[in-house]
Amino acid sequence: MDCIFCKIAKKEIPKDFTYEDDEIMVFSDINPIASTHLLVVPKEHITDFLELKNDKLFGKLANTIQKMVKKTELKDKGYRLVLNGGGAQIIDHLHFHVVGPVGKKVKM
Ligand code: AMP
Ligand code: ZN
């Protein structure tokens, strides 16, 4: 399967990870929209958010997002979580965007 995030997960494409464990990888978006723009990505190829049926993995992803917000100190500076799905996504491999700092005024 020609999936860039699977290739990153298998280390076929080199990438500096902000965080990594057996199931999850976090790296900076190649085209950031804010000074912090991380992608929190399961290593398993899950095509769309609606295909995420593993509650344990969902919990781990949420926990990792919390860790990343704390690690980057976005906690007090304003952060935004974005998930594109149902065709709004460019890459068909589940990923959460963690973006900030963002103010109150700019809404999606
Ligand atoms: P989405 O529209 O939610 O599918 O977003 C895909 C994101 O992946 C975009 O923000 C891209 O900039 C980002 N992206 C694409 N290729 C790479 C890559 N090789 N490394 C890091 N981020 C990437
Ligand atoms: Zn994939």
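**Close-up views of the predicted model**

**View 1. Glu-73 is located in the loop that runs between α2 and β4 (80-82).** Helices (H or I, at least four residues) and strands (E, at least two) are DSSP runs, numbered from the N terminus. The model is predicted: local features need pLDDT of at least 70 and side-chain atom pairs count only at pLDDT 80 or more, whereas totals for chains, interfaces and linings use all residues. Residues are numbered from 1 along each chain as its sequence is written, chains are lettered from A and ligands numbered from 1 in the order in which they are written, and side-chain values use heavy atoms, with hydrogens and water left out. Although Glu-73 is not a glycine, its phi is positive, at about 60°. Glu-73 is exposed, its relative accessible area being 53%; with a 1.4 Å probe and protein chains only, exposed stands for over 50%, buried for under 20%, and partly exposed for values in between.

**View 2. Lys-11 also has a positive phi without being a glycine, in this case about 65°.** Lys-11 belongs to the loop between α1 and β1. With a relative accessibility of 49%, Lys-11 is classed as partly exposed.

**View 3. Cys-3 (SG), Cys-6 (SG), His-45 (ND1) and His-93 (ND1) coordinate the zinc ion (ligand 2) at 2.0 to 2.3 Å.** Donors are N, O and S atoms within 2.8 Å of the metal (3.2 Å for Na, K and Ca); because water is not among the atoms, sites may look incomplete. Along the chain, the donors of the zinc ion (ligand 2) show the spacing C-x2-C-x38-H-x47-H. Distant parts of the chain are linked here, since Cys-3 lies in the segment before α1 (4-9) and His-45 in the loop between β3 and α2, 42 residues apart. The arrangement around the zinc ion (ligand 2) is tetrahedral because its four donor atoms subtend angles of 104 to 117°. Four donors count as tetrahedral if all angles lie between 85 and 135 degrees; four count as square planar and six as octahedral if opposite donors are over 155 degrees apart and all others between 65 and 115, and anything else is irregular. Cys-3 is buried at 7% relative accessible area, whereas His-45 is partly exposed at 25%.

**View 4. Lys-43 and Glu-20 form a salt bridge, with 2.8 Å between the closest N and O atoms.** This pair links distant parts of the chain: Lys-43 is in the loop between β3 (36-42) and α2, Glu-20 is in strand β1 (residues 19-20), and 23 residues separate them. A salt bridge requires a side-chain nitrogen of Lys or Arg within 4 Å of a carboxyl oxygen of Asp or Glu, and the count by this rule is five. Lys-43 is buried, with 19% relative accessible area, while Glu-20 is partly exposed at 35%.

**View 5. Lys-60 takes part in salt bridges with Asp-21 and with Glu-23.** For Asp-21 and Lys-60 the closest N and O atoms are 3.3 Å apart. Asp-21 lies in the loop between β1 and β2 (24-28) and Lys-60 in helix α2, so this pair ties together parts 39 residues apart in sequence. For Glu-23 and Lys-60 the N to O distance is 2.9 Å. Glu-23 lies in the loop between β1 and β2, so its pairing with Lys-60 in helix α2 ties together parts 37 residues apart in sequence. Asp-21 is buried at 15% relative accessible area, whereas Lys-60 is partly exposed at 27% and Glu-23 is partly exposed at 34%.

**View 6. Thr-64 lies in helix α2 (residues 55-71) and is buried, with a relative accessible area of 1%.** Its side chain reaches the backbone oxygen of Lys-60 at 2.7 Å. Leaving aside residues up to four places away in sequence, Thr-64 touches Tyr-19, Ile-24, Val-26 and Val-40, where contact means heavy atoms within 4.5 Å.

**View 7. In β3, seven of seven residues are buried.** Thr-36, Leu-38, Val-40 and Pro-42 lie on one side and His-37, Leu-39 and Val-41 on the other. In a regular strand, side chains alternate between the two faces of the sheet. β3 pairs with β2 in the antiparallel sense over five bridges, and Ser-28 stands opposite Leu-38 in β3. β3 also pairs with strand β5 (residues 96-100), again antiparallel and over five bridges; His-97 in β5 is the bridge partner of Leu-39. Pairing of two strands requires that DSSP finds at least two bridges between them.

**View 8. The peptide bond joining Gly-100 and Pro-101 is cis, with omega at about -5°.** Pro-101 belongs to the segment after β5.

Conventions. A polar contact is a pair of N or O atoms within 3.5 Å; within protein, one must be able to donate a hydrogen and the other to accept it, and residues adjacent in sequence count only if both atoms are side-chain atoms.
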